[in-house]
Structures are given as C-alpha cells and as structure tokens.
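Dear colleague,

I am handing over the structure below for your use.

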Amino acid sequence: MGTRPWLAAVFLLPALVLLGALVVYPIAYSVYRSFFDASGNGFVGLDNYQEMFSDDATKTAIKNNVIWLILAPTVSTALGLIFAVLTERVRWATAFKLVVFMPMAISMLAAGIIFRLVYEQDPDKGVANAMWVSVHDSFSESPPFPGAHPRPTAGLTEASNGSFTTKDAVHAGTPAALPLVAAKRGDISGAQDAKAAKAEPGKITGTVWFDFTRGGGGEQGAIDKGEKAMADLKVEAVKDGKVVAKTTTAADGTYTLPAKAEGAQLRLPAWNFSEPYNGVDWLGPSLVTPAVIGAYVWIWAGFAMVLIAAGLAGVPRELMEAARMDGANEWQVFRRITVPMLAPVLSVVVVTLMINVMKIFDLVYIIAPGPSQDDANVLALQLFQSSFGTDVNQGLGSAIAVLLLLLVLPVMFINIRRIRRESRR
C-alpha cells in the first residue's frame, strides 16, 4: 500500500494548530515585542536587552538562577539517590517512599504557604525556628526576665550596656532590696511570692522582686502581699569596676553574697533583661534563596527517588555480589558499581530538574516576603514583575522571556540528544 502524506497531514493538523497557537505564536510574539517600548508603539531595537543586563534586579535574578541551577537539581538528585539505595534495605520501604513522594501531590502554591509558615521568625509559629531555638537553648542559658527594669526612683542607675547598678554601697546587716518592674506576665506567672531577706552577720543579703500589685495599690519599694519573686537573676558585687562576688537569686527572690562584697555596689548584669534567642532569620536577605531551595528539594526529592529506585531495580545484582566477594566494601560497591550503572537515570533526573528550575516562579513569589523578594528574585519572577507589576514594561518583560528561553534551550537539546541516543540502542 502506498503512503498518503496528505492523510498523515490531516491527522497531524489539530496537533499542529494547537502547537502553533500555544507555543510557536507566543514565542514569536515575545521576540517581536522585545524590540518595542513599554507602550508597544515605539521600536527601540536592542534597548530592552541593554536595559535588562544593566538593571540590578535582573542581575540579581540571573545570579539566583545560577544558584538554583547548581544547588536544587544536585541536592534533589543526591537525596533521591540516597533514599532509593537505603530503602532497598528496610522492610517498610514502600511506606517510606510514599511519605517522601507525597509532597509531589501538593501544588507549589500549597507548598509555598506551608514553608512560609515553617520559616516564620517567631519560634512559637515557625517550625524551623522552634527546632533551632530548642537546640540553641539546650546548650546556652536563656535570660530570665527580658525587658524588665527598675523604676527611676528605685536607686539603681542604668549603664550604656543595659546593666543596672545601685547608687550606694551595700553593707552587711542591712538587706538590699532591688525592686523591678515591666516583667512579662508569662515570665512571672507561677513564681513564688517574694520574701524579705533576713540580715546575716558578715554577709550581704537582699531580695529581687516584681514590685507590682495586681489591681493597683501597694507601696513602691516595699514587698507587698502577693508580689512575685524574680528567681534566677544574676547579682554581682562590684568594687572599683571589678566583680568581687556574684550569686543568683533563689526561688523566693532572695540572694546572699559573701563578706568580701562588703562596701561594694550591686549590679544586675544586662544579660538578665536581654531578649531571648529568637532563632534564624530564614527569610532575610542572606538566607532567603537557600530557604526557598530547601522547599523545592522537599517537593522534588521524592520524584528523584522514584525514578532512581526504578533504575536501581534494573541493576544486575550479580555485579554487586561479585564485587563483595572480591573484597569491596559497601561504599566501594556504591561508588564503583551502583552509581555508574545508574548514570543514565541520574542524567534524566538532573536534566529534568534543571529545566524545571529554570522556570521556577511560584515558590519564590509565595515564600519570600516583600522586603526580601528582591534578594530572592529569579528570572521568571522578574519577567512577571516587569510585565504585570507596578512599573509595567512588557517590552522589557518580553526580553527577559527571550533570555529565559535561550537559557532553557541548551538543556532541552541535551535532553533530546540523550533520548535519541537511547532510542538507537
């Protein structure tokens, strides 16, 4: 039977029309539009391309795209490889793969909202900082009463570093009361009632307490009924600028210093009142790009794992067993046999992720807050802002779209060559 080219053309026509309408025409029009000004009426030649490469926002976007192109596919593929290899050795491999792959079922919008909450600065809201602060506080002591301070009439003067020192020297036999105010309710709730310190021969004693009575009333500078003790505050005795003794207040707010503190001034170090460690500014200018890449890896590591696990199932076990019998350890088997045998699959994963990364937009747009969005900028986001933002210039946006296309094309050609090469085998 002879071939009928016209019949093949009839069957291909609907697909060709869709391809032209959805791919060819937008590309051609973007190239055409990139040579015109913001209004679309004035021909400006290559001015939009010149402006693109001289604009700081676009330079930042190009730099961030390079960071994305290097880190995101590499880390996602590496984690996918590790997960695929390790899950071969556990009985609950299917359940583990399901959990790791599950983020792929979540849209980028939903993932962005999730990680915006994960990276929240407040440790009470953001999971990342809650974990980070917990680890930090396990190795360092937290200040007991952030923001607390004495009244101006309490007889303590504030130093430039935030510490408070008594104006007069203290002496044994006369308890030194150190009243404070402005403590946070959460820091005071559950504290014991303050107790007036008793005089002890040869020792300096006193009480530090929250000098405030609920409902008003009470006498300033005196320990009234129901006023709370301030425990775990550091108290130092200072002579001639040197610390001669120090102690910590007890649960009832009392403290005791040895005889060498006689005639010294008492100082409450600034640490007592400093703000507690509040974690890392994940979405600040310096960390916002790695933070967003972390969200991307969380989504796509499961994709890499599934593809690599499928390739791993086809690796001949005889080669691994022969290597082990020849004395190779597990690391050598992995490096010399598993990885080389998986090279075609790994290249598929890396190239696919590279193409995907070049077009990243939604995660950056959702996760990066307004003040840090310029620092997290990528080409797709810059294209959107230039074309549809507050300062609309679709000529510049079209030029960025053409640049993005030119950057994606080499990776696409590599992928096409690989597919043709494999089809010949």
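Asparagine 48 counts as buried because its relative accessibility is 4% (buried means under 20% relative accessible area, exposed over 50%, and partly exposed in between, with a 1.4 Å probe and protein chains only). This residue is found in helix α2, residues 47-54; helices (H or I, at least four residues) and strands (E, at least two) are DSSP runs, numbered from the N terminus. A polar atom of the side chain of asparagine 48 lies 2.8 Å from the backbone oxygen of phenylalanine 36. Such a polar contact is a pair of N or O atoms within 3.5 Å; within protein, one must be able to donate a hydrogen and the other to accept it, and residues adjacent in sequence count only if both atoms are side-chain atoms. Not counting residues up to four places away in sequence, asparagine 48 touches Arg33, Ser34, Phe35, Phe36, Asn393, Gly395, Leu396 and Ala399, where contact means heavy atoms within 4.5 Å.

**Basis of the description**

Please note that this is a predicted model, in which local features need pLDDT of at least 70 and side-chain atom pairs count only at pLDDT 80 or more, while totals for chains, interfaces and linings use all residues. Residues are numbered from 1 along each chain as its sequence is written, and side-chain values use heavy atoms, with hydrogens and water left out.

Asparagine 393 caps the N-terminal end of α15, with a side-chain oxygen 3.2 Å from the backbone nitrogen of glycine 395. Helix α15 covers residues 394-423, and its 30 residues reach 41 Å from first C-alpha to last, close to the 44 Å expected at 1.5 Å a residue. The expected span of a helix is 1.5 Å times one less than its number of residues. At leucine 409, shortly before proline 410, α15 has a kink of about 25 degrees; the bend at a residue is the angle between axes fitted to the seven residues ending there and the seven starting there.

Helix α3 (residues 56-86) has 31 residues, which should span 45 Å at 1.5 Å a residue, and the 44 Å between its end C-alpha atoms agrees with this. A kink of about 25 degrees in α3 is centred on tryptophan 68.

**Glutamine 373**

Is glutamine 373 buried or exposed? Glutamine 373 counts as buried, because its relative accessibility is 14%. This residue belongs to helix α13, residues 370-373. A polar atom of its side chain lies 3.3 Å from the backbone oxygen of alanine 368. Beyond residues up to four places away in sequence, glutamine 373 touches Val364, Tyr365, Ala368, Leu381 and Gln385.

**Strands and turns**

Strand β5 (residues 234-239) and strand β6 (residues 242-248) pair in the antiparallel sense over 6 bridges; two strands pair if DSSP finds at least two bridges between them. Lysine 239 has lysine 242 in β6 as its bridge partner. The two strands, β5 and β6, form a hairpin with 2 residues between them, and aspartate 240 in the turn has a positive phi of about 55 degrees. Aspartate 240 is exposed, with a relative accessible area of 81%. Although 25 residues separate aspartate 240 from glutamine 265 in sequence, their C-alpha atoms are 9.2 Å apart in space.

Glutamine 265 lies on the uncovered face of strand β8 (residues 265-268) together with Arg267, while Leu266 and Leu268 form the covered face. In a regular strand the side chains alternate between the two faces of the sheet. Strand β8 runs antiparallel to β5, joined by 3 bridges, and leucine 266 in β8 is the bridge partner of alanine 237. Strand β2 (residues 164-166) also pairs with β8 in the antiparallel sense, over 2 bridges, with arginine 267 as the partner of threonine 165.

Alanine 182 has a positive phi of about 70 degrees although it is not a glycine. Alanine 182 is placed in the loop between β3 (176-180) and α7 (185-188), and is partly exposed, with a relative accessible area of 39%.

**Annotations from UniProt**

The unreviewed UniProt entry annotates residues 62-415 as "domain: ABC transmembrane type-1"; such annotations may be inferred rather than shown by experiment, and their positions are given in the numbering used here, with feature names shortened. Over residues 62-415 the chain is 47% helix and 11% strand. Residues 98-119 are 68% helix and 0% strand, with end C-alpha atoms 25 Å apart. Residues 295-316 are 86% helix and 0% strand, with end C-alpha atoms 35 Å apart.

Yours sincerely
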